[in-house]
Amino acid sequence: MVSSTLSDLARQSLAALRLLVVFTVILGVGYPVAVWAVGRTLGDRADGQPVRVDGQVVGSALIGQSFTGPEWFHARPSANDYDPLASAPSNLGPLSRDLDAAIAERRTAVAAAEGVAGSAVPADAVTGSGSGLDPHISPAYAELQAARVAAANGLSLAEVHRLIQDHTQGRFLGFHGEPGVNVLTLNVAIREASA
């Protein structure tokens with residue numbers, strides 16, 4: 001009886017050891033190599049999607065940047081100045097007086113800069129994203145800025161509208177999320193068009 005129990009224990013232990021070795025090879029070696037290989041075939045998409053101008057990396061298509069001046073499309077506000085190490089929202093809630101004041105101040109500033117009424121300012125022009133790093137603005141916010149950017153760069157309004165359309169990304173899988181315009185890649189296109 002004891003030898004039968006020891007024999008069963010040895011057999012089960014050997015089976016468990018074989019499973020451990022098999023899964024270590026599959027999950028500890030095979031899976032990481034497969035993920036690495038897929039990442040390598042995707043090229044820049046696996047390297048943070050760097051955006052280059054004249055061979056120099058000027059940013060990432062995945063992380064927003066602050067642009068100032070009338071010649072650039074402006075990004076949405078960021079609670080952390082687009083610092084990827086400090087990714088976070090402002091944590092101000094919908095009943096916060098500080099948030100209401102900040103939104104009102106931003107709305108007034110955007111309306112004055114674009115020469116429109118405050119009611120014409122889209123929500124993403126005055127509110128930050130959850131991460132504070134969103135590189136996209138809505139097509140409505142891009143269109144609101146088009147006249148200013150066209151005038152500051154000596155471009156026709158039609159050309160700026162075409163560039164906005166060229167850089168507008170649709171919904172993910174056709175139904176998820178909202179269309180967006182990547183501010184960095186649009187500004188690179190504006191720079192190239194005005195050069």
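View 1. Tyr 82 is buried, at a relative accessible area of 10%. Here buried means under 20% relative accessible area, exposed means over 50%, and partly exposed lies in between (1.4 Å probe, protein chains only). Tyr 82 sits in the loop between E2 and H2. Helices (H or I, at least four residues) and strands (E, at least two) are DSSP runs, numbered from the N terminus. The phi of Tyr 82 is positive, near 60°, in a residue other than glycine. This is a predicted model, in which local features need pLDDT of at least 70 and side-chain atom pairs count only at pLDDT 80 or more, while totals for chains, interfaces and linings use all residues. Residues are numbered from 1 along each chain as its sequence is written, and side-chain values use heavy atoms, with hydrogens and water left out.

**View 2. Asp 54 and its salt bridge to Arg 191.** Asp 54 forms a salt bridge with Arg 191, and their closest N and O atoms are 3.5 Å apart. The pair links distant parts of the chain, 137 residues apart. Asp 54 is in the loop between strand E1 (50–53) and strand E2 (56–60), and Arg 191 is in helix H5 (residues 183–194). A salt bridge is a side-chain nitrogen of Lys or Arg within 4 Å of a carboxyl oxygen of Asp or Glu. By this rule the count comes to six salt bridges. Side chains of opposite charge can pair when their charged atoms come close. Asp 54 is exposed, with a relative accessible area of 69%. Arg 191 is partly exposed, at 39%. Asp 54 also has a positive phi of about 55°, although it is not a glycine.

View 3. Asp 166 and Arg 162 both lie in helix H4 (residues 157–166). They are four residues apart, about one turn of the helix. Their salt bridge brings the closest N and O atoms to 2.9 Å. Asp 166 is exposed, with a relative accessible area of 51%. Arg 162 is partly exposed, at 40%.

**View 4. The salt bridge of Glu 178 and Arg 171.** The closest N and O atoms of this salt bridge are 3.5 Å apart. Glu 178 is exposed, at a relative accessible area of 60%. Arg 171 counts as partly exposed, at 37% relative accessibility.

**View 5. Gln 169 and its partners.** Gln 169 lies in strand E4 (residues 168–169). Gln 169 is partly exposed, with a relative accessible area of 42%. The side chain of Gln 169 makes a polar contact with the side chain of His 136, at 2.8 Å. A polar contact is a pair of N or O atoms within 3.5 Å; within protein, one must be able to donate a hydrogen and the other to accept it, and residues adjacent in sequence count only if both atoms are side-chain atoms. Leaving aside neighbours within four places in sequence, Gln 169 is in contact (heavy atoms within 4.5 Å) with His 136, Pro 179 and Gly 180. Gln 169 and Gly 180 are eleven residues apart in sequence, and their C-alpha atoms are 5.3 Å apart in space.

**View 6. His 74 in its loop.** His 74 is in the loop between E2 and helix H2 (97–114). A polar atom of the His 74 side chain lies 2.8 Å from the backbone oxygen of Gly 69. Not counting residues up to four places away in sequence, His 74 touches several residues, including Phe 67, Ile 137, Tyr 141 and Val 183.

**View 7. Phe 73 and the largest nonpolar core.** A nonpolar core is a set of buried Ala, Val, Leu, Ile, Met, Phe, Trp, Tyr and Cys residues joined through side-chain atoms within 4.5 Å. The largest one has 32 residues, of which Phe 73, Val 160, Ile 164 and Ile 190 touch the most other members. E1, H2, helix H3 (139–153), H4 and H5 each supply at least two residues of this core. Leaving aside neighbours within four places in sequence, Phe 73 is in contact with residues including Val 160, Ile 164, Leu 186 and Ile 190. In soluble globular proteins, nonpolar side chains tend to be buried together.
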